[in-house]
Amino acid sequence: MKHPIRLFVSDVDGTLVRRDKSLSDATIEAAHRLAHAQVAMTLISARPPSGILPLARALGLTNTLAAFNGGTLVSPEGEILVARHIDADASRTAVALIRASGASLWAFADGQWYISDGENPHLAREERSSMVAPIVRDDFESLHGRIDKLVGVSDDEPLVAKLEADCKAALGGSAEVSCSQTYYCDITHPKANKGDGIAALSAALDIPLEETAAIGDMPNDIPMLRQAGMAIAMGQAPATVKAEADWISATNDEDGVAKAIERVLLPEVARHRL
């Protein structure tokens with residue numbers, strides 16, 4: 001690389017944490033080594049702030065973090081610095097499309113997580129990720145204008161793919177539509193995407209994008225990988241994501257973030273300093 005790496009931006013689910021949502025000792029130790037090498041580290045995730053702040057504290061991170069795919073910037077102390085909500089008309093359209101599709105409807109607003117279906121099999125995993133308890137409700141009308149993220153949830157992958165396509169067609173540029181998992185169709189503010197998110201983090205920390213490394217595992221990470229000076233894909237990432245990477249790490253269950261830090265970032269930092 002022509003430029004030194006001064007910032008490392010990591011996705012969370014499927015990347016930083018293991019499948020059971022745990023943070024390994026190896027990853028914590030690697031993050032500490034990165035800080036000792038004077039490289040800033042931060043997180044970007046589809047999770048709400050409540051789901052990333054405990055991880056940031058465990059890693060010892062002291063930089064601005066990005067929740068809701070970059071739509072919300074939050075300090076390590078939990079102060080909301082920027083919050084971009086979905087336009088009310090766009091969220092009404094998205095809610096109608098999710099309901100019509102047959103998928104479960106989730107909405108994150110006002111620091112809460114609202115759900116239409118209390119029996120969804122993904123609830124326990126999402127509660128571990130978001131670190132907030134769900135609230136069952138049928139009427140979402142009063143939330144419009146304050147919604148950070150809507151999610152259509154289904155294990156029927158063709159249904160989720162069709163919902164994603166239908167939402168993109170109906171919403172156009174009024175919202176960002178992407179799948180953070182094969183069973184989650186996320187709808188957020190147009191600027192709440194990993195590409196704009198990493199640019200916002202770069203600006204907040206006053207570190208140029210060409211001096212930034214990013215790591216991720218899903219297609220919604222591709223805009224971030226394309227923006228970064230160094231792009232790293234996880235070992236279990238699909239081929240479309242790996243095609244965007246300069247280096248491919250191990251899987252998340254094999255501590256791929258720790259291995260990327262130890263085998264790529266720290267040697268690259270040392271090479272530039274020499």
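How many bridges join strand β4 to β5, and which way do the two strands run? In this predicted model, β4 (residues 72-74) is tied to β5 by three bridges, and the pair runs antiparallel. Within that pairing, L73 sits opposite V82 of β5.

The two strands belong to an open sheet of three strands, ordered β3-β4-β5, with antiparallel pairing. The edges are taken by β3 (65-67) and β5 (80-83); each has a single partner strand, so one side of each is left without a neighbour in the sheet. On average, neighbouring strands here are turned by 20 degrees against each other, direction ignored. Helix α2 (residues 49-59) lies across β3, β4 and β5, and runs at about 150 degrees to β3.

The largest nonpolar core counts 47 residues, and the members touching the most others are F8, M41, L43, L59 and L265. Helix α9 (residues 256-273) supplies the largest share of this core, with eight residues. A second, separate core holds 23 residues, among them A90, A109, A175 and C179.

L43 is worth a look of its own. Beyond its neighbours within four places in sequence, L43 is in contact with S10, V12, L16, I52, L55, A56, L59, L61, L65, A66 and L201.

S10 has a relative accessible area of 0%, so it counts as buried. With neighbours within four places in sequence again set aside, the contacts of S10 include T15, L16, M41, T42 and L43, as well as I44, I215 and V257.

Notes. Residues are numbered from 1 along each chain as its sequence is written. This is a predicted model: local features need pLDDT of at least 70, side-chain atom pairs count only at pLDDT 80 or more; totals for chains, interfaces and linings use all residues. Side-chain values use heavy atoms; hydrogens and water are left out. Buried means under 20% relative accessible area, exposed over 50%, partly exposed in between (1.4 Å probe, protein chains only). Contact means heavy atoms within 4.5 Å. A nonpolar core is a set of buried Ala, Val, Leu, Ile, Met, Phe, Trp, Tyr and Cys residues joined through side-chain atoms within 4.5 Å. Helices (H or I, at least four residues) and strands (E, at least two) are DSSP runs, numbered from the N terminus. Two strands pair if DSSP finds at least two bridges between them. Axes are lines fitted to C-alpha atoms, for helices over the stretch in contact, and angles run from 0 to 180 degrees between N-to-C directions.
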